[in-house]
Amino acid sequence: MSIIYPLAILAIILAGFFLVAFLFALHSGQFDDTQTPAQRMLLDDGDQTQSPISKKQNLNSNRRDK
Amino acid sequence: METTISKQHFATNEAISCHHCGEKCEETINSFGFDFCCQGCVTVFDILSSNGLENYYKLEKSPGLTPTNLNNGKFAFLTDAETAQKLYCFESGNKAQVELNIPAIHCISCIWLLENLSKINPAVIRSEVNFGKKTARILFNSEETNLQKVAELLTSLGYEPDFNLADTDGKKKKVDRSLISKIAVAGFCFGNIMLFSFPHYLGLDLNTNATTAKFFSILNLVLGIPVFFYCGLDYIKSAFNLVKNKTYSLDLPIFLGMIALFFQSYYEILTATGAGYMDSLAGLMFFLLLGRFFQQKTYNRLSFERDYKSFFPLWTTVVQDNQELSKPLNKVEIGNLLKIRSSELIPTDAILKKGMAQVDYSFVTGETDPQNVKIGEKLFAGGRQCGASIEIEVTNKPDHSYLTQLWQNTAFEGNKNYSLLNIKAGLFFTVAITLIASSAALAHYVLNTGHSAIQVFTSVAIVACPCALALSAPLTLGFATRVLSKAGLFLKDSAAIEQLSRIQNIVFDKTGTLSEANSKSLNFIGKKLTTTEESLIKSLVAQSGHPTSRQIHNSLAGAIKDVSDFKEIKASGITGTVEGHVVRLGKNSWLNQTSTGTGVEIDGIFLGQFELKASYRTGLQNMLAKLKQKLFILSGDNDSEKQTLESLFQEKIDMHFEQSPQDKLSFINELKAQKDTMMLGDGLNDAGALQAANIGVAVADNIHAFFPACDAILKAQNLKNLDSLLSFTKHSMSLIKFCFLISILYNIVGLSFAVTGNLTPLLSAILMPLSSLSILIISATGVAILKKLTFRNGELK
């Protein structure tokens with residue numbers, strides 16, 4: 001049963017690690033704006049000059065050219 | 001794409017809508033294969049498409065905004081290094097970052113475009129939008145571009161940044177995240193302490209398993225330290241303040257409970273006489289902080305503390321040796337010559353030197369008609385110039401003007417204390433707990449029952465700790481605040497609900513509050529106009545810049561035709577020839593009529609006159625009839641609307657006209673001395689009255705636009721629900737009282753154990769979360785039921 005002593009301490013260190021991670025995220029401002037990221041994820045990243053629709057259209061027109 | 005977007009799109013059945021802004025229009029400009037409403041929209045489309053940003057139009061249909069005309073030199077003040085420095089969030093080397101307020105942000109396309117600014121101007125390194133706060137944080141290369149150019153770029157795209165004096169105060173707003181981190185710590189400790197207390201709950205024997213029991217208890221003690229000293233910090237501070245100021249609130253008995261729990265646990269564990277109450281302490285803190293979190297829901301988009309500085313622009317144009325210079329407003333000196341362009345604000349008291357001034361003082365005085373001011377006459381701060389550009393000489397520094405004197409008034413000092421209930425309950429509980437605890441301890445001591453007197457004292461303090469009571473008010477108020485915000489009433493502080501429920505006098509401002517700020521309904525009295533006649537009159541007034549002409553122009557239908565021989569006769573009227581007909585429009589006396597008003601004459605025949613009437617918001621009559629409070633009107637305007645108002649209020653009203661801001665303030669102070677008073681207003685002229693009243697409510701058409709400092713903001717279209725809103729606050733207060741009763745019942749049960757000396761840690765650990773949870777459930781369901789009962793007719797949106 002004596003294994004429970006180091007295990008309990010390990011458990012609390014592990015949980016404490018997550019608490020610290022959360023506090024770090026909180027104070028670095030990651031939870032300040034909860035609205036914009038929700039909208040931003042709907043946008044395409046990478047080549048932002050073209051939406052998926054216009055990319056397809058371009059491909060189609062290229063094929064026609066050939 | 002389905003997203004929650006606030007912008008409304010117009011039905012496009014008949015009229016063609018602009019590809020850029022969605023505005024319906026009759027005449028369109030066709031260019032790039034799309035229809036646009038104006039050249040401004042075409043320009044934006046051109047900029048975007050030539051920079052490969054057509055995606056803007058694919059994310060959202062017609063997302064754009066018509067750009068405002070870039071007055072040359074409008075942002076010239078940003079080149080001033082000192083001003084720019086104050087606006088920067090940070091600056092290092094050739095990089096500078098600025099956070100700009102952009103009220104026009106409204107949809108996903110806005111986010112996309114503003115975050116791709118670097119495609120248009122490569123000197124912009126990164127931009128990030130905060131949709132909730134309507135701000136954009138822009139990082140740019142300060143060697144290749146400057147703040148002025150960034151602001152001009154945004155304006156040319158229709159996203160004009162909003163600068164005001166308060167931004168340059170140098171006070172950087174700090175985000176307070178301490179409550180959430182306290183909740184996180186309390187939650188962490190609560191969970192772990194419960195886990196380590198489990199062996200005790202299951203009957204771990206202190207004698208046979210002494211080491212194990214001691215090990216877990218010590219862990220609990222260690223975890224209890226941050227709970228008491230960090231999470232409980234606000235309660236400790238508040239308790240010391242209360243003792244210092246000799247006042248009471250519920251924080252005091254809570255603090256007593258905390259001390260009893262904490263030190264009793266230490267004593268029991270260190271002397272190995274018991275398991276301690278750390279689980280109860282952590283649970284108590286966790287629930288209390290959670291309650292605070294619910295109550296503290298703030299509207300970071302709304303600013304309740306604005307003063308005159310937010311109203312004035314940051315810069316002004318100074319004329320020096322025939323040259324125009326931009327100067328920060330706080331550097332303007334007496335004697336400077338300022339140039340005020342059309343529709344700009346007069347920033348300080350001044351004398352008119354050049355030009356024709358037509359000043360709209362409606363925001364400052366409540367008067368609706370623009371005033372004509374002649375050269376050499378005084379102009380006051382806060383007026384808006386309606387006519388062409390004028391030049392004025394400064395007679396008072398901006399912070400000493402007539403308008404800003406209002407802010408020197410004592411009404412603007414100190415905070416209002418809303419919560420009487422909290423103070424009463426605090427006093428009651430502090431006295432009751434001390435009495436019961438000491439008499440129980442004394443009884444045990446005298447009767448020698450075998451229980452330690454000190455232990456009995458602390459267990460009473462523990463169990464009587466009014467945590468459920470302390471929770472019921474913040475939870476109920478927090479839930480109710482959310483419901484009210486859905487109904488269009490935004491509170492600065494949820495404790496204002498208690499104040500609202502006690503209101504007995506309601507004072508209304510007229511202009512902008514009861515009536516709509518910028519729309520006056522125009523009636524034509526006389527012969528019915530034919531469409532040809534309407535078109536003739538419209539063509540004539542289209543030539544004139546007079547405010548009345550513009551209103552007549554907007555109210556008439558018909559095509560605009562060419563006008564010849566147009567003449568504007570000062571202080572009389574206008575005349576011109578349209579399609580061979582001589583049209584004259586102006587004062588009736590000028591048209592040789594005996595009556596007063598603005599008449600119209602075609603080919604020498606008098607047709608009738610236009611009458612301007614303030615248009616009142618809809619649904620007022622019904623709401624006013626239901627209000628049982630005593631009603632007043634304080635208006636800065638003249639009494640021309642008296643009869644309309646009397647019929648609207650069904651004569652149960654006390655009206656006062658031509659009230660200066662100072663008059664309003666003193667009137668409220670007199671009323672307040674007798675009964676609790678609520679003031680509803682919108683303009684700077686109400687600022688003093690809003691502050692002085694027990695509750696000042698700003699009525700705003702656009703909650704992001706300017707309104708004076710206040711305790712609550714009411715969306716103008718929800719004014720008609722004022723009666724429901726007030727009755728909702730009353731019922732919410734009854735709900736809190738009901739929760740108080742329930743929690744007192746819990747306390748009586750707990751006390752009966754404590755007084756007899758039979759309180760165990762397990763019992764306390766069950767009783768405390770149970771009472772907190774039942775209060776949570778009662779207040780949440782109670783508010784939901786109230787909401788259904790009060791707002792039956794779709795008043796929530």
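In the predicted model, chain A contains three helices and zero strands, which follow one another along the sequence in the pattern α-α-α. Of the 66 residues in chain A, buried residues account for 0%.

The contact between the two chains draws 21 residues from chain A and 22 residues from chain B. On the side of chain A that touches chain B, the elements giving two or more residues are α1 (4-27) and α2 (36-40) of chain A. The most is given by α1(A), with nine residues. By residue class, this side of chain A comprises 11 nonpolar, seven polar and three charged residues.

Chain B is assigned five segments of domain structure: domain 1 (1-175), domain 2 (178-295 + 423-476 + 733-790), domain 3 (313-346 + 349-395), domain 4 (482-516 + 618-730) and domain 5 (518-616). A distance of 76 Å separates the C-alpha centres of domain 2 of chain B and domain 5 of chain B.

The largest nonpolar core consists of 123 residues, and B:Leu281 and B:Val460 have the most contacts inside it. Helix α24 (residues 722-755) of chain B supplies the largest share of this core, 12 residues. Because domain 2 and domain 4 of chain B both give residues to this core, it lies between them. Beyond its neighbours within four places in sequence, B:Val460 is in contact with B:Ile433, B:Ile436, B:Ala437, B:Ala440, B:Leu751, B:Ala754 and B:Val755. Another core, of 59 residues, lies apart from the largest one and includes B:Ala104, B:Phe140, B:Leu338 and B:Leu379.

Key:
Residues numbered from 1 in each chain as written. Chains lettered and ligands numbered in written order. Predicted model: local features only at pLDDT ≥ 70, side-chain atom pairs only at ≥ 80, totals over all residues. Domains from an automatic or database assignment. Contact = placed C-beta atoms within 7 Å. Helix = DSSP H or I, 4+ residues; strand = E, 2+ residues; numbered from the N terminus. Nonpolar A, V, L, I, M, F, W, Y, C, P; charged D, E, K, R; others polar. Buried ≥ 20, exposed ≤ 12 C-beta atoms within 10 Å, placed from the backbone. Core = buried A, V, L, I, M, F, W, Y, C linked by C-beta atoms within 7 Å.
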